[in-house]
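Subject: Structure for your files

Dear colleague,

Here is the structure I said I would pass on. My notes on it follow below.

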Amino acid sequence: MRLPKTLEAILERAPEGRAPSKEERVQLLQVPEDSLDASTIKAVADIVARRRFRNTGILLGQIGVETAPCPGNCLFCVFGKEHTTLPPRRMSLDEIRQRAHGFAERGDLYALFLMTMHEFDLDWLVEVVRAVRQDAPSHTQNVVNIGDFDLCAAKRLKDAGVNGAYHVCRLGEGMDTSVSLDARKATFKVIKDVGMDFYYCCEPVGPEHRAEELVEQMFMGIDYECFQHAAMRRVYIPGAPLAHHGQITERRLAQVVSVVTLATLGCSETQSIAVHEPNPLGLSAGANTAYAETGANPRDVESDTAGSRGLDMAACRKMLYEAGFQSLRRGDGMTIDLDRDYLQVN
Ligand code: SF4
């Protein structure tokens with residue numbers, strides 16, 4: 001069995017840290033997911049990423065702290081205001097603290113994420129950040145996953161202890177959502193200007209997305225020098241307006257992860273790659289990061305994703321171990337050995 005010469009040439013450059021061009025990324029995504037070519041792309045991305053990240057995994061934990069009919073109205077999300085059936089709810093400060101403690105208690109949580117709807121109460125969020133910051137170990141970072149915000153809000157969040165922000169121009173932004181593309185990009189700039197780590201993702205990938213669209217969307221993260229890149233598939237939610245398109249497989253998602261991984265090779269700021277939701281195929285195709293989730297989740301019809309779609313820390317830790325990662329990186333850059341003994345104790 002032989003690879004096409006053009007593919008061989010692209011993949012041979014990867015170990016030298018040379019990323020494929022935009023056109024080449026399109027070619028990599030157009031390869032059928034059940035081909036030898038696709039398996040080889042994933043294998044090369046895996047090897048290159050493990051070298052790049054020293055075979056170290058990252059554990060992240062996200063708390064969806066509130067739910068409401070969301071004005072973002074994304075057609076792929078369970079909270080879109082024109083189709084949601086979930087009741088509004090906001091967690092109490094005590095509940096958030098307890099859940100944050102549950103994520104951080106073993107000492108290997110790189111960063112705690114707080115997720116709100118597109119619109120959020122900044123004063124309350126600052127209070128929440130301060131509360132979890134006070135309880136969390138100093139080596140755990142704080143990240144927000146919220147709607148668009150300006151420099152003034154970014155400074156307040158940073159002063160309260162926020163280290164980074166997850167922010168994305170989603171596929172179909174402005175058409176499948178009520179959110180403006182320009183507003184998203186303005187927030188990217190704010191995140192970079194204020195000095196926060198920028199977490200990006202190629203999402204939410206569905207079967208209808210063309211390779212060219214995926215490449216354009218993933219390039220924005222690289223353009224803004226993201227700290228973390230990732231890939232996430234759109235989860236099939238019965239009744240959601242985009243449900244009729246169906247859902248890609250974890251195998252296809254792993255191929256997208258591998259192309260994201262290779263695409264970031266020229267971006268020295270990128271220090272981790274994630275796959276949402278975490279799964280062994282993605283973690284063997286370039287991803288080194290797994291997210292545990294609790295509370296609200298845009299991909300879950302249950303109002304609390306803990307015990308439903310959301311994995312807990314133990315499951316994420318074990319998944320990273322089974323995927324062959326030999327250490328875990330904390331938020332202060334120190335690492336912890338990830339071996340059988342550590343798993344048993346933890
Ligand atoms: S994905 Fe985010 S912005 Fe869009 S509807 Fe859901 S919560 Fe709102």
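Two residues are taken to be in contact if their C-beta atoms, placed from the backbone, lie within 7 Å. This is a predicted model, so local features need pLDDT of at least 70 and side-chain atom pairs count only at pLDDT 80 or more, while totals for chains, interfaces and linings use all residues. Residues are numbered from 1 along each chain as its sequence is written.

Overall fold. The protein has 11 helices and 13 strands; helices (H or I, at least four residues) and strands (E, at least two) are DSSP runs, numbered from the N terminus. Along the principal axes, the C-alpha atoms fill a box of roughly 60 × 50 × 35 Å. Of the contacts with a separation of 6 or more, 73% are between residues 24 or more positions apart. Buried residues account for 49% of the 346; buried means 20 or more other C-beta atoms within 10 Å of the residue's own, exposed means 12 or fewer, and partly exposed lies in between, with C-beta atoms placed from the backbone.

Helix H4. The buried residues of H4 are Ile 96, Arg 99, Ala 100, Phe 103 and Ala 104. They cover an arc of only 130 degrees around the axis, which puts them on the same side of H4; the arc is that of the directions from the helix axis to the C-beta atoms. Their cover includes strands E1 (56-64), E4 (111-115) and E11 (289-295), as well as helices H5 (122-135) and H10 (313-322).

Helix H10. Here Met 313, Cys 316, Arg 317 and Leu 320 are buried. Seen down the axis, these buried residues fall within an arc of 100 degrees, so they line one face of H10. Ala 314 and Glu 322, on the other side of H10, are exposed. Gly 324 follows H10 and has a positive phi, near 95 degrees.

Ligand. The residues around the ligand include Cys 70, Cys 74, Cys 77, Met 117 and His 118, where a residue counts as near if its C-beta atom, placed from the backbone, lies within 6 Å. The shell holds 6 nonpolar residues, 5 polar and no charged. Ala, Val, Leu, Ile, Met, Phe, Trp, Tyr, Cys and Pro count as nonpolar, Asp, Glu, Lys and Arg as charged, and the others, Gly among them, as polar.

Regards
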